[in-house]
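Welcome, and thanks for opening the viewer. Keep the selection panel at hand, and we will walk through the model one stop at a time.

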Amino acid sequence: MTTQTRRSSGLVLESPFIWRARRPNSRHRLICFPHAGGGASAFADWVHALPAEIEVVAVQLPGRQNRILEDPATEVGPLVRDVTKALLPLLNGSFSFFGHSCGALLGYEVAQLLHAQGGPRPDRLFLSAQPSPAAAALRPKIHNLSEEEFRAEVMRLGGFDEEVALDEDAMDALIPTVLADFALWEQHAMTQGPLIDSPITAMVGESDVRAPLETIEGWGDHTDAGFEMRVYPGGHFYLFDAGTDAQVFEFLAQTLLAP
C-alpha cells in the first residue's frame, strides 16, 4: 500500500535499495522498512519531522516507484541477504530499525542475519503494526483470496492517499505489488532463531484489525535486551494519521536521542 506518492527533496537515491537524507552531523541513523506495496517515499515526511540529529534512511524494494520495472521479491531469504548487504556501509555508529507491517518482518529478519553474522546490531528495533511471528502464523491468509476480495481487504485497512484510492487505474497498478508482498510474507515460515541483543519496541494502533493488541506482546520472546509495547489511537496506519504522527515522531526522537 502507498501512503505517500511524492518524493521529498530530502531523501536521495543512493543505490537500488537505499534512499537517504544525508545529515553529516547526525547522532543517530534511523533505517526504515516500508509496508506491503509501499516505497521509500512513505518516509519522506519523516526527514523534516524528526530532529536534525536523526538521519533517515528508507529501504526501497523492487517492484515499486523507481524500481517499478523490476519484479517484486518472491523469496524472503535472498531479499534479506540483498538488503543486509546494501545496508552494511551505513551500519556504523548509532543506528536503529523501524519497520511497519510487512516492513517490521523484514527489519527483524535483517537484524537476525546481522546477529548470526556477528555484525553490528541496531540500538533498537521499532516493529510497527505487525503481530509476533507466532501470532502471525495463526492469522487468516489473504493473499489467496479472489482479486475482488483481496482488494476489499486491503482497502479496509486504509493507507492509500484519497486521490489514489479513487483512481481505478492507479489502484490496478498498485494492487499487484501489494499482493506480491502479502504472498511473500504469508508464505514464509518464520522460525524462532536466537534471541537478538537489541531491545524491541512494538508499536500498534489500538483498533488495528490486522494486528490486534493481544498479538503484539509475543515480540518480547524474540529479544533478551528488553521489550515494550506502545499503543496509539487509530488503525493499521495509525502512524500516518494527523495528530498521531506527531506523537510517534516525539517518541522516536526522545528514544533515539536519549543520553
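## First stop: the largest cavity

Start by selecting P34, H35, A36, L61, C102, G103, L106, D181, L184 and W185, the residues that line the largest cavity. What you have selected belongs to a predicted model, and the space in this cavity comes to about 50 Å³. Now colour the helices: α3 and α7 each give at least two residues to the lining of the largest cavity. If you colour by residue class instead, you will find seven nonpolar, two polar and one charged residues around the largest cavity.

How many cavities of 30 Å³ or more does the structure hold? There are two, so let us visit the other one.

## The second largest cavity

Clear the selection and pick A111, L114, H115, G119, P120, R121, P122, I196, D197 and S198, which line the second largest cavity. About 40 Å³ of space lies inside the second largest cavity. Its lining residues split into five nonpolar, three polar and two charged.

## The largest pocket

Next comes an open site. The largest pocket has a volume of about 270 Å³. Select L105, A136, R139, W185 and E186: of the 21 residues in the lining of the largest pocket, these are the closest to its centre.

By class, the lining of the largest pocket holds 13 nonpolar, four polar and four charged residues.

Move on to strand β7, residues 200–205. Is it buried or exposed? Six of its six residues are buried, so β7 is largely enclosed by the rest of the structure. To see this from both sides, show I200, A202 and V204 on one face, then T201, M203 and G205 on the other; every one of these is buried.

Strand β6, residues 125–128, runs parallel to β7 and is joined to it by four bridges. To find your place along this pair, look for L125, which stands opposite I200 of β7. Then show strand β8, residues 227–232, which pairs with β7, also in the parallel sense, over six bridges.

## R230

Stay with β8 and select R230, which sits in that strand. Is R230 buried, partly exposed or exposed? Its relative accessibility is 31%, so R230 counts as partly exposed, the range between under 20% for buried and over 50% for exposed.

Leaving aside residues up to four places away in sequence, R230 touches T201, A202, M203, V204 and F251. Among these, T201, A202, M203 and V204 are buried residues of β7. For F251, draw a distance between C-alpha atoms: F251 and R230 are 21 residues apart along the chain, and their C-alpha atoms are separated by 9.7 Å.

## Last stop: colour by confidence

Finish by colouring the chain by pLDDT. The average is 92, and 95% of the residues score at least 70.

Note on methods:
Residues are numbered from 1 along each chain as its sequence is written. This is a predicted model: local features need pLDDT of at least 70, side-chain atom pairs count only at pLDDT 80 or more; totals for chains, interfaces and linings use all residues. Side-chain values use heavy atoms; hydrogens and water are left out. pLDDT is the predictor's confidence in each residue, from 0 to 100. On a 1 Å grid over the protein atoms alone, a cavity is a set of points where a 1.4 Å probe fits but cannot get out, and a pocket is an open set with protein on both sides within 12 Å along at least five of seven lines; lining residues have an atom within 4 Å of a point. Grid points are joined across faces, edges and corners, and a volume is the space filled by probe spheres set on the points. Ala, Val, Leu, Ile, Met, Phe, Trp, Tyr, Cys and Pro count as nonpolar, Asp, Glu, Lys and Arg as charged, and the others, Gly among them, as polar. Buried means under 20% relative accessible area, exposed over 50%, partly exposed in between (1.4 Å probe, protein chains only). Two strands pair if DSSP finds at least two bridges between them. Contact means heavy atoms within 4.5 Å.
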